[in-house]
Amino acid sequence: MGRYVLRRLLQMVPVLLGTTFLIYVMVWAVPGDPFAGKCGERACPDAYITEMRERFNLDDPVIVQYGKYMLNLLSGDFGETSSGVQVIDRIADTFPVTLRLALVALVIEAVIGITAGIVSGLRNRGFLDSLVLVSTLFLISIPVFVTGSVIQLVFGIQWGVIPPTVSSKATFGELIVPGFVLASLSMAYVARLTRSSIAENRRADYVRTALAKGLPQRRVVGVHLLRNSLIPVITFLGTDLGSFLGGAIVTEGIFNVPGVGGLIFRSIQTKEGALVTGLVTLLVLAYLVMTLLVDLLYAVLDPRIRYE
Amino acid sequence: MRRSRWISLSAMPVALALVATGCGGGGGDNAGGDAAATADATITINETEPENPLVPGNTTEAGGSRVLDPMFTGLVEYDPQTYAASNAMAESIDTTDSKVFTVKLKKGWKFHDGTEVKAKNFVDAWNWTAYGPNATQGASFFSKIQGYSDVHPDDPDGADGPQPAPEPTAKEMSGLKVIDDHTFEITLAAPFSVFPVTLGYEVFSPMPDSFFADQKAFEAHPIGNGPMKFVSRQVGTEIRLTRFDDYQGEDKVKFKDLVLKVYQSRESAYADLVSGSLDYLEELPANALAGKKYEADLGDRAIVRDTLQLQSVTFPYYVKPYDNTDLHKAVSMAINREEITQRIFEGTRTPADAFVHPLTDGYQKGACGEYCTYNPTKAKEYLAKSGFTGQLKLQSNTDGGHQEWAEAVCNSVKNALGVDCVFEPLTSFAEHRQKVNAHEMTGIYRSGWLADYPSIENWLTPLYRTGASSNDGLYSNPAVDAKLAEADQAPSKEAANALYREAEKLIAEDMPAIPLWTQKNVAGRSERLKNAQSDPQRNLVLSSVEIG
């Protein structure tokens, strides 16, 4: 087990290097002038451009720029943006907010999705099963921005039950509604995934054995059936947390959550290379750690899986 | 069966949204605010994240300007209604030859840190901004002052070239002289009659001594001399300002605190505006403007205001046959401005009849004359004269909602002239500007101008003088150059304006660009702002705000 984790951790190094390099190159390869729009409606003065190019090593070949960037990164220096703000400060501001949003979304997704999946999986072709199928189909067919806008419009603006946008503190309580919107699509997938997994395993030998032993229904479902059925669901949830972290641009935009997604989006537009690369590096890292955790969880859920 | 369910399900949110727009609005009375409530009130307005450190000389974009504008008061300020320039910190700005200007400051003005605003604060700030190695964005605004080329030598091969810019030979511009604590003298390199009008821009703001002592500390906590002072900033989230009670100017604010809240999107800001938790949004998002949805949402809380923007299309003189002036006239007279502004913009644009914006000092009605009036018969005559055959090309970026009108302009030309006209889209504003600056356009292209200062000069010289900074089409007419130079040297603003108008008439004979329309902007305010005006730069006029 220990050796397995170590090997996985070592594998992360090339992946991390490769992705950051690709991101770095892509940020600067996007057509367009990094100084367009920096100085309002007119072109920036030459002296300003020269100074900025110097500060961000823009005159070096890309590979040298990247090397300098990585060296700084290793010494803990994420660089600074063109407005003179430390990238690490911006990350420290936005990352916790997004993490809170992602966790809220994950909890909502897991609790509602798995419950609905179990209920419908156990009552195959019953009324509840049909209800879950129809409502998940409904959720899957609406894009997130529609869900978000409608919820904001109805609950926030018309009924006034919730504030239409999140305050700058973005507490857990305020993030429940955005979290629900963010989770809505994945929730439907989790429900369907759990449902088919449960329905399949219900006929498995070990379930029949457990029932034959005379174990109570609750224990058969809760321990024997659920543990095995959750493996594909856990995989899905794990990667989903990763995509919640970086991919909540639409939800963050609608509810004005000051998080990572919107920051990356705007930084790409304004060509803040250091900020984009710094943020994406962290996201890649989060993604890698999540997949490792998921893989380790397999062994916990299914004793037949062992890591050597 | 399955198909019909899919459609009805996906149509539901749309139906919901449609029902929802029917509600909202509600009339507010503009009876004026409650003075006591106003004095303690906190106002929240929309903000975009500043692109640069908060130093007036280094801020030329909207996000930074919105913070610095209330924090600094320059020599001259622009009236929010008429946009005429009038003295603010300056007691007087006198000249006899439009070359040497003597500036007298008002006494008793203080910075937010309690130190007095003296002539030296202006001169030092200007010298710092203009100095090449400081690499500020606002440096070029000082290029008319004598000695600018010594402190900010031109890079001989531009920023892209391999050679570095030469070292400056001086640290201070020779054209700036402090005479006493409240007087200083500005000498320009060449006479420039409208110079005082240009001084209202933030880059001309004074800076306190503390800035020169510790620049980093200043950037973290800027100190100005304006009606509001800095409290705190949370990068990416909000900036807080509060009323400066020692302020001596006319444009005092009546409320207490101002929060500039950074929104992730204009749409989310609009949702807050409709629900009442945001007090001012300077420009409504496209989804609110579509079909005038905002009228139902906001009612009389919508503020419609002319802005200093003029949309036009420019001819690239470096591509044949687009240098043919008869063709220019033919195309211009073939564009039905009236119909396009009504049909496509639903009246939020006004057809232009001059090269100068109507809100500008020196504007003359109908300066473009018959050339800016739709007249298909005359257009055809000019086309015949030009001898043009083939296909016209119109280029524009499409990310700012320009596609619809550009296609309409092309169709109008096609119908009136009977020549083919194609619209060629460019993906982004950045790409468009890059090609325009590099003189790589291959057809007529979209151009727009937003005035830096309200003078007729700013609408002509930068755009139509030979070799001028924004003369992207490479238009050149010696008669126009001579007239503009003559106007620059006129002894008074009135005499200068008369000469600039003559230059505008000369330009109209060549039509190097076609003025299309001026833009109105729709802003929105909350219910509790009883009195709130919008200035031509779209910003909230803070001194007008009253709460009720």
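Okay, let's start with residues 175–193 of chain A. In this predicted model, the span is 95% helix and 0% strand, and its end C-alpha atoms sit 26 Å apart. UniProt, in an unreviewed entry, lists 175–193 under "transmembrane region", along with 12–30, 99–119, 131–155 and 274–301 of chain A. Take residues 99–119 as another one of those: here the chain is 100% helix and 0% strand, with 30 Å between the end C-alpha atoms.

An unreviewed UniProt entry annotates residues 95–298 of chain A as "domain: ABC transmembrane type-1". In the model that stretch is 81% helix and 0% strand, and its end C-alpha atoms are 28 Å from each other.

Stepping back to the whole of chain A, how many helices and strands does it have? The count is 12 helices and 0 strands, so if you read the elements off from the N terminus, you just say alpha over and over: α-α-α-α-α-α-α-α-α-α-α-α. The C-alpha atoms fill a box of roughly 80 × 55 × 30 Å along the principal axes. Chain A has 308 residues, and 38% of them count as buried. As for contacts, take the ones between residues at least 6 apart in sequence: 75% of these join residues at least 24 apart.

Now, a helix pair I'd like you to look at. Helix α4, residues 87–122 of chain A, packs on helix α12, residues 273–301 of chain A. Two packed helices get described by the angle between their axes and the distance between the axes. For α4(A) and α12(A), the angle is about 50° and the axes are 10 Å apart. Are they oblique or roughly parallel? Roughly parallel would need an angle under 35 degrees, and therefore α4(A) and α12(A) come out as oblique to each other. The crossing is right-handed. Which residues make the contact? On the α4(A) side you've got A:V87, A:R90, A:I91 and A:F95, and on the α12(A) side A:A274, A:L275, A:G278, A:L279 and A:L282. Sorted by class, that contact has 7 nonpolar, 1 polar and 1 charged residues.

Both of those helices come up again with α11, residues 260–269 of chain A. Buried in α11(A) are A:V260, A:G261, A:G262, A:L263, A:I264 and A:S267. What do the buried residues pack against? In chain A, they pack against α4, α9 (217–246), α10 (249–255) and α12. And have a look just after α11(A), where A:K271 takes a positive phi of about 60°.

Two single residues before I stop. A:F138 lies in helix α5, residues 127–141 of chain A. Buried or partly exposed? With 15 other C-beta atoms within 10 Å, A:F138 is partly exposed, because buried would take 20 or more.

Over in chain B, B:S469 is in the loop between α17 (456–464) and α18 (478–488). B:S469 has 13 C-beta neighbours inside 10 Å and therefore counts as partly exposed too; exposed would mean 12 or fewer. From B:S469 to B:E424 is 45 residues along the chain, and their C-alpha atoms are separated by 26 Å.

Definitions and conventions
Residues are numbered from 1 along each chain as its sequence is written. Chains are lettered from A and ligands numbered from 1 in the order in which they are written. This is a predicted model: local features need pLDDT of at least 70, side-chain atom pairs count only at pLDDT 80 or more; totals for chains, interfaces and linings use all residues. Axes are lines fitted to C-alpha atoms, for helices over the stretch in contact, and angles run from 0 to 180 degrees between N-to-C directions. Helices (H or I, at least four residues) and strands (E, at least two) are DSSP runs, numbered from the N terminus. Angles under 35 degrees count as roughly parallel, over 145 as roughly antiparallel, 65 to 115 as roughly perpendicular and the rest as oblique. A crossing is left-handed if the near helix is turned anticlockwise from the far one by less than a right angle, and right-handed if clockwise. Two residues are in contact if their C-beta atoms, placed from the backbone, lie within 7 Å. Ala, Val, Leu, Ile, Met, Phe, Trp, Tyr, Cys and Pro count as nonpolar, Asp, Glu, Lys and Arg as charged, and the others, Gly among them, as polar. UniProt positions are given in the numbering used here, feature names are shortened, and annotations may be inferred rather than shown by experiment.
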